[in-house]
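Good morning, and thank you for making time for this presentation. Please have the sequence and the structure in view as I speak.

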Amino acid sequence: MLCLVHLPARAEVYRLQTGDVLEVSVAGWPELLRRVAVQLDGSLPLPLAGRVAAAGATLAEVESRIQTAIASRPLRTYLADGRELLRFVDREQISVSIAEYRPVSITGNVARPGEQPFRPGMTVRHVMAAAGGFTLLRPEVGTHGEAAQLRGEYGTVWVTLAAEMARVWRMKAELGDEVEFDRSSLPPTPVADRVLEQLLTREAEYRSNRAADHEREKSYLSSAAAEAERQIESLTAQQAREEEGVEADTSELQRTTQLLARGMVTQSRVTDARRVLLFSSTRALQTSAQLVSVRRQRGELLREFERADDRRRIRLLAELQEAVPKVATARARLESIEERLRLLGVAVPTSEPGELTITLVRAGVGGAALVRADWETELQPGDIVDLGRGGGAPPLAGILAGARPVPAADSPTPEASASRPDSPRRPASGLAESERARLAVGRPQ
C-alpha cells in the first residue's frame with residue numbers, strides 16, 4: 001500500500017534576480033526594517049551589512065549572508081537618558097523575505113499589454129485576465145486605435161443585426177411561415193458561433209412561451225364560455241320553475257280573493273297570498289336578469305375567443321413591420337464599417353482568426369529561452385508572455401533570432417533559469433531597438 005502512495009514533487013527553489021525586492025527585519029529593532037531591491041550588479045545594499053551578493057542565490061543563502069554580516073557587528077543604541085549602548089543581535093533575530101517579485105510582462109493580441117505584478121502560483125490564465133482579454137489586433141499594427149474601435153463596433157453591429165434577423169425569423173414562424181433561419185444572409189461572424197446559436201435558441205424559447213401563453217388564454221376563454229353555458233342551462237331550468245311558481249301563486253291569490261268575496265276566508269289570508277306572489281315574482285325577475293347577464297357574458301367570451309387569433313396576428317404584423325427597417329439599418333451600418341476597415345487596410349474580423357499560440361520568453365544562463373505554454377502554465381518572475389493567433393502578425397517569440405526554443409515539458413527550473421551577476425547575456429541578434437527595449441521589460445539587465 002505504501003508503494004501506491006503518490007508523493008508530491010519537490011518544490012523548486014527560487015533564485016533571486018535583479019528587480020526582486022527583499023524585506024530585512026531584526027526582531028526587537030523596528031527601526032532597522034528595510035526594503036531593498038536587488039541592484040543591476042546583483043548586489044543588495046544594506047546600511048549595516050554593506051553590499052551583499054544576491055542575484056543567482058536562494059533566499060536562504062542571502063538570509064544567511066545577511067545574518068553573518070549583521071550578527072558580527074555591534075549595534076549602537078541609545079537609552080532614555082541619552083547614554084550610548086552597544087548591543088549585539090543573534091542570527092535568529094534577523095529574517096529576510098521577498099516583498100516583491102519581478103513583474104511579468106504580456107504582449108501580443110491582448111487589450112492592455114504591459115507589466116503585471118507577479119504572485120506565486122500565477123498562471124498564463126491569470127495574467128491574460130489582468131490584461132483585459134484578447135483583441136484581434138496586435139498593438140504594433142499601425143492605426144491600431146481606430147482599427148480596434150472599428151472592429152469592436154463591427155462586432156457590436158453584427159450581433160445587433162443577427163438579433164434582429166433572429167427576431168424576424170421568430171415572428172414569421174409565429175405567423176405560420178415555418179422556415180429555417182437563413183444563415184447565408186448574414187455576413188461572416190466576427191464572434192463565436194455559439195452567440196448566434198444562443199440568439200436563435202432564445203427566440204425559439206420566446207416563441208414557444210408566447211405560443212403556450214396564447215393557448216392558455218384561448219383555453220381560459222373556452223372554459224369560461226363553457227362554464228357560462230352551464231350557468232345558462234341551470235338558470236333556464238330555474239327560470240322555468242320560478243315561472244311555474246308564479247303561475248301557481250297567481251292562481252292561489254285568485255282563489256283566495258273569490259273565497260273572501262263569499263266570506264269564507266279572512267282578509268289576512270288574501271294578504272298572505274299577495275305576499276307570496278310578490279316574492280315569487282321577484283325571484284323570477286331576478287333569475288331572468290341573471291340569465292340575461294350570463295348570456296351576454298358568454299357572448300363576450302365567445303367573441304374574445306374568436307378574436308384572440310386575429311389580435312395575435314395583428315400584433316405580430318406590427319412587430320414585424322418595426323423589425324424589418326431595423327434589419328436594413330443594421331446591415332447598412334455593417335457595410336459602412338466594413339468599407340472603413342478596408343480603407344484602413346484591415347481585414348474584416350472573423351470568428352476563426354487562427355490557432356492560439358502562447359509563448360514564454362524566459363531569461364536563462366545562456367540568454368533568452370522560448371517556452372511553449374498553455375493556459376495553466378505557471379509563470380516565473382520576469383517572464384514575458386506573448387499571445388497570438390495563427391495567420392496574424394508574427395508573435396514576439398518568432399522574431400527572437402538568438403533565442404533557443406524549449407518545449408513546455410522541459411521548461412527550465414527557477415534555478416536553471418536564474419542569471420548570475422557575472423554571467424554575460426547573449427543579445428538577440430537582428431532585433432530592432434524598440435523590440436529590444438520591449439524585451440527588456442521585466443528582465444534583469
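There are 3 aromatic pairs in this structure, which is a predicted model. In the pair of Y14 and Y101, the ring centres lie 5.5 Å apart and the planes stand at 65°; an angle over 60 degrees counts as edge-to-face, so that is the class of this pair. Y14 belongs to the segment before strand 1 (21–26), whereas Y101 sits in the loop between strand 7 (94–100) and strand 8 (104–108), so the pair ties together parts that are 87 residues apart in sequence.

How accessible are these two residues, Y14 and Y101? Y14 has a relative accessible area of 17% and is buried, because the limit for that class is under 20%. Y101, at 25% relative accessibility, counts as partly exposed. Another pair, W169 with F181, is edge-to-face, with 6.2 Å from centre to centre and 85° between the planes. W169 lies in helix 3 (residues 144–174) and F181 in the loop between helix 3 and helix 4 (193–262); the pair links distant parts of the chain, 12 residues apart. W169 and F181 are both buried.

Returning to the tyrosines, Y14 and Y101 form one aromatic cluster together with F118.

I turn now to the helices. Two packed helices are described by the angle between their axes and the distance between the axes. For helix 4 and helix 5 (residues 267–343), the axes come within 7 Å and cross at roughly 165°. An angle over 145 degrees counts as roughly antiparallel, and helix 4 and helix 5 are therefore roughly antiparallel to each other. Their crossing is left-handed. Sorted by class, the contact of helix 4 with helix 5 contains 21 nonpolar, 16 polar and 19 charged residues.

My last item is A131, located in the loop between helix 2 (124–130) and helix 3. Is A131 buried or exposed? A131 has 0% relative accessibility and so counts as buried. The C-alpha atom of A131 is separated by 6.2 Å from that of P113, and the two residues are 18 residues apart along the chain.

Note on methods. Residues are numbered from 1 along each chain as its sequence is written. This is a predicted model: local features need pLDDT of at least 70, side-chain atom pairs count only at pLDDT 80 or more; totals for chains, interfaces and linings use all residues. Side-chain values use heavy atoms; hydrogens and water are left out. Rings of Phe, Tyr and Trp (its six-membered ring) pair if their centres lie within 6.5 Å; planes under 30 degrees apart count as stacked, over 60 as edge-to-face and the rest as tilted. Helices (H or I, at least four residues) and strands (E, at least two) are DSSP runs, numbered from the N terminus. Buried means under 20% relative accessible area, exposed over 50%, partly exposed in between (1.4 Å probe, protein chains only). Axes are lines fitted to C-alpha atoms, for helices over the stretch in contact, and angles run from 0 to 180 degrees between N-to-C directions. Angles under 35 degrees count as roughly parallel, over 145 as roughly antiparallel, 65 to 115 as roughly perpendicular and the rest as oblique. A crossing is left-handed if the near helix is turned anticlockwise from the far one by less than a right angle, and right-handed if clockwise. Ala, Val, Leu, Ile, Met, Phe, Trp, Tyr, Cys and Pro count as nonpolar, Asp, Glu, Lys and Arg as charged, and the others, Gly among them, as polar.
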